[in-house]
Amino acid sequence: RNRGLGAEVVTESNRTRIRTEIGNRRTSIHFYACNDDGCQSIQYRTLFRRHERFTLAFVNAWNYEKRFAKAYLDRDGDLVLEWDVDLDGGVTVGFVAESIATFQTMLTAFDRFTPRDDGPAAPDPGNAGRSLSPGAPGAGRST
């Protein structure tokens, strides 16, 4: 709310989440491993309705070329983009605000994403998770 975003706390089946809008996309924030001291992690999750663009090849290319946020097709064929944030040890309000800004950047990158034509058939496990895009050192906010 401090960032000017509407937020609604939703509890269903004894699970609480926040429903909000980030980057003009409806997003849910899920809480994990919570106790009286707080939660160990949160997960940002945005659903994209089924679209011909969202093929398994598209999802695999995103997961290979990008770090942090992972994509998958759910059982209805809708695409889900998720990002887990570790809160273990405590965080500040500023840290959470920055994580929202980071996820917004990820959503923008996702909206503009076009798979590279020269991508390998399978990720190279020796290079996984090392840069924003394989072979391209990152600059600016990570996506």
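D111 is partly exposed, its relative accessible area being 35%. With that residue as our starting point, welcome to a short tour of a predicted model, in which a search of the whole structure turns up six salt bridges. The views below visit some of them.

**View A. R25 and D111 meet in a salt bridge.** Here the side chains come together with an N to O distance of 2.7 Å. The two partners belong to distant parts of the chain, 86 residues apart: R25 sits in strand 3 (residues 25-35), while D111 belongs to helix 2 (residues 93-112). Like D111, R25 counts as partly exposed, with a relative accessible area of 28%.

**View B. E82 pairs with K70.** In this salt bridge, N and O are 3.9 Å apart. Strand 6 (residues 79-86) holds E82 and strand 5 (residues 70-73) holds K70, so the contact ties together parts twelve residues apart in sequence. E82 is buried at 6% relative accessible area, whereas K70 is partly exposed at 39%.

**View C. R17 forms a salt bridge with E12.** The closest N and O atoms of this pair lie 3.3 Å apart. Which of the two is buried? R17 is, because its relative accessible area of 15% falls under the 20% cut-off. E12, for its part, is partly exposed, with 45% relative accessibility.

Conventions
Residues are numbered from 1 along each chain as its sequence is written. This is a predicted model: local features need pLDDT of at least 70, side-chain atom pairs count only at pLDDT 80 or more; totals for chains, interfaces and linings use all residues. Side-chain values use heavy atoms; hydrogens and water are left out. A salt bridge is a side-chain nitrogen of Lys or Arg within 4 Å of a carboxyl oxygen of Asp or Glu. Buried means under 20% relative accessible area, exposed over 50%, partly exposed in between (1.4 Å probe, protein chains only). Helices (H or I, at least four residues) and strands (E, at least two) are DSSP runs, numbered from the N terminus.
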